[in-house]
Amino acid sequence: MSTHILRLTVDDHIMIAHSLQSPFFGPAQGLHGATLSIHATFERVGLDDHGVVLDIGRATGLLDETLTPLRYANLDERPEFEGTFSTTETIVEHIAESLAARLPEGHGLRAVEVEAEEHPRARAGVRVELV
């Protein structure tokens, strides 16, 4: 007997502005823009009654709802990032937690993962266990 862990990934992107105000971040201390390619993966054990992990339209809509407040935003002015550095890592944590909070009741998912590509050679990701 084997257990099948199935995954569905949907993609989108956001354009943001932010500054990372610490000498630790070198030239990124000043206000600058970034385009993040966002990948959201939903995971479950087996399929639901409709033979899917999550409806693709619903998954795409959830990601869009989550990203809309961040689109073209200066994250230095967003309350979600007040008192923290808006690094790619904290951004993916925020997106993953917001996605998890938007999931419908009785979704049956086991985890949500969010990955952000800042450029072709660097990405950050997080996995939120739902059970």
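Student: Is Glu115 buried, partly exposed or exposed?

Tutor: The classes rest on relative accessible area with a 1.4 Å probe and protein chains only: buried is under 20%, exposed is over 50%, and partly exposed lies in between. Glu115 has 30% relative accessibility. Glu115 therefore counts as partly exposed.

Student: Where do these values come from?

Tutor: This is a predicted model, in which local features need pLDDT of at least 70, side-chain atom pairs count only at pLDDT 80 or more, and totals for chains, interfaces and linings use all residues. Residues are numbered from 1 along each chain as its sequence is written, and side-chain values use heavy atoms, with hydrogens and water left out.

Student: Which residue meets Glu115 in a salt bridge?

Tutor: A salt bridge here is a side-chain nitrogen of Lys or Arg within 4 Å of a carboxyl oxygen of Asp or Glu. The N to O distance for the Glu115 pair is 4.0 Å.

Student: In what order do the elements of the protein chain run from the N terminus?

Tutor: Helices (H or I, at least four residues) and strands (E, at least two) are DSSP runs, numbered from the N terminus. The protein chain has two helices and four strands. Their order is β-β-α-α-β-β.

Student: How many bridges join S1 to S2?

Tutor: Two strands pair if DSSP finds at least two bridges between them. S1 covers residues 5-18 and S2 residues 32-45, and the two run antiparallel. Met15 stands opposite Thr35 of S2. The number of bridges joining S1 to S2 is 14.

Student: What is the bridge partner of Phe42 in S3?

Tutor: S2 and S3 also pair in the antiparallel sense, over seven bridges. S3 spans residues 111-119. The partner of Phe42 there is Val112.

Student: Is Glu43 buried or exposed?

Tutor: Glu43 forms a salt bridge with Arg7, with the closest N and O atoms 3.4 Å apart. Glu43 lies in S2 and Arg7 in S1, so the pair ties together parts 36 residues apart in sequence. Since its relative accessibility is 4%, Glu43 counts as buried.

Student: Which residue in the loop between H2 and S3 is linked with Glu43?

Tutor: The side chains of this second pair meet in a salt bridge at 2.8 Å, N to O. The two residues are 67 apart in the chain. The loop residue is Arg110.
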